[in-house]
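Subject: Structure for your review

Dear colleague,

Please find below the structure that I am handing over to you. I would be grateful if you could read the notes that follow with the structure open beside them.

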Amino acid sequence: MRSVLLAAVLTSPAAAQPVLEARAKGVAVASGTAAQLSARVATSRVVIENPFLDGRAKAYEAFPAAPLLDALYGRGWREVDGGEVTFKASDGYEAHVAAAKLAAGGAWLAFRDHDRAPRWEPVGKRAVDPGPFFLVWEGGKTPEKGYAWPWQVVALDTARFEDVYPGLAPRGVKGDSPEARGYKLFRLDCVKCHGLDQEGGKVGPDLNSPQSVTEYRPKDQLKAFIRKPSSFRFGQMPDHESLSDKDLEDLWRYLKLKAGQRQKSW
Ligand code: HEC
């Protein structure tokens, strides 16, 4: 009897469904498949102008992000000052989204492609499969406007950025200094893929250890690379052509400062 039951569990389709894990400071606090979560939060068919499909309208079945986060965490995630929700992808990519943006509405966590289910229409230049969970936004909230669209999401985390990456903050500088502005830009545009001293995203190389990029790359070349890596080599780093000369100087100043604040010698 027992083995029959076990076999039934192992072969049931529900067992194969991907799970979304909700963590708080790295500790799992809740989890569920899309079907399990939809018993707690009503889902909707949403039609989204998808910047990763050249702006074409696309229908997804999705959870409204804020009510889903309420169900997973209680309302506390909304109230942490400077709070962020981290969306973790299966390949190690991390997107940090301000809780205030998510709470303001218009964010949806899609779990099914209405035209292609059970498959997904591939998105982006590299034609990736965005499932099992894909954060999408209504109302023209595109990545260019500072809204992240992480795909292949498997886990969420609600710790504050400084709790997760205590070593990244610039020490000994004022809040309005070039280094502090560079840190803000780094958080917004870079940390999802890059770390310093192994703190941060892992898609691209560590920019501080064992050597800082400011130590082995000439300043002007480094700035030109950050703005337009595609003009140097074919790679995975996106261009950042909207960064101004001042932004690039601020980023360089931040990276230079952190070269002198390395957390350990490697
Ligand atoms: C989507 C992921 C992604 C983002 C976002 C990203 N990078 Fe990169 N970056 C990469 C990858 C992957 C590489 C290595 C491949 C390559 O060099 O083409 C790289 C390479 C680099 C290099 C060259 C390192 C070396 O020594 O060759 C620098 C410098 C760099 N990134 C800085 C930045 C900065 C600063 C930002 C933010 C403005 C940023 N990157 C945003 C993925 C990313």
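Two residues are said to be in contact, or to touch, if their C-beta atoms, placed from the backbone, lie within 7 Å. Please keep in mind throughout that this is a predicted model.

With that rule, which residues does Leu135 touch, leaving aside those up to four places away in sequence? The residues are Ala65, Phe87, Ala107, Leu109, Ala148, Trp149, Pro150 and Val153. Leu135 belongs to the largest nonpolar core, which has 38 residues. Within this core, the residues with the most contacts are Leu135 together with Ala65, Leu109 and Val136. There is also a second, separate core of 16 residues, and Val191, Leu207, Ile226 and Trp252 are among them.

The next point concerns the domains. The domain assignment divides the protein into domain 1, residues 17-162, and domain 2, residues 165-259. Their centres, taken over C-alpha atoms, are separated by 26 Å. Where the two domains meet, domain 1 contributes nine residues to the contact and domain 2 contributes 12. On the side of domain 1 that touches domain 2, at least two residues come from each of strand S6 (94-98) and helix H6 (161-164). Strand S6 provides the largest share of that side, with three residues. By type, the residues on this side of domain 1 are three nonpolar, three polar and three charged.

Finally, I turn to the ligand. It is surrounded by 21 residues, and the closest are Cys190, Cys193, Gly204, Gly235 and Met237. Helix H7 (178-190) and helix H9 (219-227) are the elements that give two or more residues to this shell. Helix H9 gives the most, with three residues. The shell around the ligand comprises 13 nonpolar, five polar and three charged residues.

Yours sincerely,
A colleague

Methods
Residues numbered from 1 in each chain as written. Predicted model: local features only at pLDDT ≥ 70, side-chain atom pairs only at ≥ 80, totals over all residues. Near = placed C-beta within 6 Å. Helix = DSSP H or I, 4+ residues; strand = E, 2+ residues; numbered from the N terminus. Nonpolar A, V, L, I, M, F, W, Y, C, P; charged D, E, K, R; others polar. Domains from an automatic or database assignment. Core = buried A, V, L, I, M, F, W, Y, C linked by C-beta atoms within 7 Å. Buried ≥ 20, exposed ≤ 12 C-beta atoms within 10 Å, placed from the backbone.
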